[in-house]
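Please look at the sequence and the structure as I bring them up.

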Amino acid sequence: MEKNSKHSFETLTEFSGATSTGVTSILFVCLGNICRSPAAEGIMRLLVSRTGLSGMIHIESAGTGGYHDGKMADARMRFAAKNRGYELDSRAQTITKKDFQKFNRIIAMDRDNLRAIHALGDSKSSQLKLLSDYLGDDWPIDVPDPYYGGDDGFEYVLDMLEAACPKILAELQM
Ligand code: 4NP
């Protein structure tokens, strides 16, 4: 499955036989789709590939803001991610209502973005999650937006995403 093929993407069916949840496709969502959600996409894609499930779980990311559509991830996030072995090669795109039909899981980075996704209408409550739903109470509810901060913020986002992604994969394999 080609990545960033949002407009030609059809929901995969192969993986549903291997899960009770039928989850086969994940959309990570933040505001600009250049920092947090592209990092989540890159981390999840490598994890899925290492688990031998590439082609069975479709992963994309999107923003609710649309300010950066078509752009690569922020250079600071690409640099921090590359240092941990993740290549971020997505291009920013904006979430639309159609994504509710395309993705089994839509995972928002924070409550503001969860509200913005809700506001698009017609989502199923079972498909919408906050990233921190997959984490314990020792993590914050919202993945902090690193855009206006220093390098530490990007590292913290990666720490949080690396903690959550295996839990997301575990849910798919239940
Ligand atoms: P993201 O970070 O939502 O994690 O991609 C941001 C990127 C850009 C802006 C805000 C947040 N911005 O205001 O341009």
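Let me begin with pLDDT, which is the predictor's confidence in each residue, from 0 to 100. The protein chain averages a pLDDT of 89, and 86% of the residues score at least 70. Over residues 1-21, however, pLDDT stays under 50. This is a predicted model, in which local features need pLDDT of at least 70, side-chain atom pairs count only at pLDDT 80 or more, and totals for chains, interfaces and linings use all residues. Residues are numbered from 1 along each chain as its sequence is written.

I turn now to the strands. Helices (H or I, at least four residues) and strands (E, at least two) are DSSP runs, numbered from the N terminus. Two strands pair if DSSP finds at least two bridges between them. Strand E3 (105-108) pairs in the parallel sense with strand E1 (residues 25-30) over four bridges. The bridge partner of Val 29 in E3 is Ala 108. E3 also pairs in the parallel sense with strand E4 (residues 128-130), over three bridges, and there Ala 108 stands opposite Leu 130.

Where does Asn 104 lie? Asn 104 is in the loop between helix H3 (99-102) and E3. A residue is buried if 20 or more other C-beta atoms, placed from the backbone, lie within 10 Å of its own, exposed if 12 or fewer, and partly exposed in between. Asn 104 counts as buried because it has 22 C-beta neighbours inside 10 Å. Asn 104 and Leu 27 are 77 residues apart in sequence, yet 8.2 Å apart in space, C-alpha to C-alpha.

Definitions and conventions
Two residues are in contact if their C-beta atoms, placed from the backbone, lie within 7 Å.
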